[in-house]
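Have the viewer open as you read.

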Amino acid sequence: MNEDLRNPAFAEIRELADLSNLSDAAVDSLAEVAEVRDLPTGTVLFSEGDLHKWTYMVLRGTIQLDMVTAKRGRKTIFSVGAGDLLAWSSILGDGVMTATA
């Protein structure tokens, strides 16, 4: 594909080390369904229990996943960074989020 015609997300995805083995055609496919967004610190993408239809790939920075437990309240259980996917429940499950991001 002509580089001038590529989706702007292509360059962002191509930079991820974990995806460096993907062909340009595979990255083009990802870029076709991607939307690149810069989010300010503290943005909540989704909350535990929400019905959510998006999956996210982190390009830069980190995102914390928090869960609420009866004994300990809200706790960070995991952090994801560049190249990681989150909100798997939206494509592999019923779309109900199991954590807050």
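## The pocket lining

The residues lining the largest pocket split into 17 nonpolar, 7 polar and 5 charged. For that tally, Ala, Val, Leu, Ile, Met, Phe, Trp, Tyr, Cys and Pro are nonpolar, Asp, Glu, Lys and Arg are charged, and the others, Gly among them, are polar. The lining has 29 residues, with Glu-35, Arg-37, Tyr-56, Met-57 and Val-58 lying nearest the centre of the pocket. Helix H1 (9–14), strand S1 (56–57) and strand S2 (63–69) are the elements that each give two or more residues to this lining.

The space in the largest pocket comes to about 1100 Å³. A pocket here is an open set of points on a 1 Å grid over the protein atoms alone, where a 1.4 Å probe fits and protein lies on both sides within 12 Å along at least five of seven lines; lining residues have an atom within 4 Å of a point. Grid points are joined across faces, edges and corners, and the volume is the space filled by probe spheres set on the points.

## What kind of model this is

This is a predicted model, so local features need pLDDT of at least 70 and side-chain atom pairs count only at pLDDT 80 or more, while totals for chains, interfaces and linings use all residues. Residues are numbered from 1 along each chain as its sequence is written, and side-chain values use heavy atoms, with hydrogens and water left out.

## Overall layout

You'll find 3 helices and 4 strands in the protein, in the order α-α-β-β-β-β-α along the sequence. These are DSSP runs numbered from the N terminus: H or I with at least four residues for helices, E with at least two for strands. The C-alpha trace spans about 55 × 25 × 25 Å along its principal axes.

Of the 101 residues in the protein, 30% are buried; buried means under 20% relative accessible area, exposed means over 50%, and partly exposed is in between (1.4 Å probe, protein chains only). The accessible surface is about 7100 Å², and carbon and sulfur atoms account for 52% of that. Those areas come from the Shrake-Rupley method with a 1.4 Å probe, and for residues only the protein chains shown count as cover. As for contacts (heavy atoms within 4.5 Å), take the ones between residues at least 6 apart in sequence: 52% of them join residues at least 24 apart.

The structure holds 1 aromatic pair. Phe-46 and Tyr-56 are the partners, stacked at 6.2 Å centre to centre with 25 degrees between the planes. Phe-46 sits in the loop between helix H2 (24–32) and S1, and Tyr-56 in strand S1, 10 residues apart. Rings of Phe, Tyr and Trp (its six-membered ring) pair if their centres lie within 6.5 Å; planes under 30 degrees apart count as stacked, over 60 as edge-to-face and the rest as tilted. Both Phe-46 and Tyr-56 are buried, and Tyr-56 is also among the residues nearest the centre of the largest pocket.

Which residue other than glycine has a positive phi near 75 degrees? That's Ala-87, found in the loop between strand S4 (85–86) and helix H3 (89–92). Ala-87 is buried, with a relative accessible area of 8%.

Glu-12 is in helix H1. Beyond its neighbours within four places in sequence, Glu-12 is in contact with Val-36, Leu-59 and Arg-60. Glu-12 and Arg-60 are 48 residues apart in sequence, with 9.5 Å between their C-alpha atoms. In the loop between S1 and S2 you'll see Gly-61, which is partly exposed at 49% relative accessible area. Setting aside residues up to four places away in sequence, Gly-61 touches Val-80, Gly-81 and Ala-82. Its C-alpha is 9.9 Å from that of Leu-39, 22 residues away along the chain.

Met-67 belongs to strand S2 and is partly exposed, with a relative accessible area of 29%. Not counting residues up to four places away in sequence, Met-67 touches several residues, including Glu-48, Arg-74 and Thr-98. Ile-13, 54 residues from Met-67 along the chain, lies 29 Å away, C-alpha to C-alpha.
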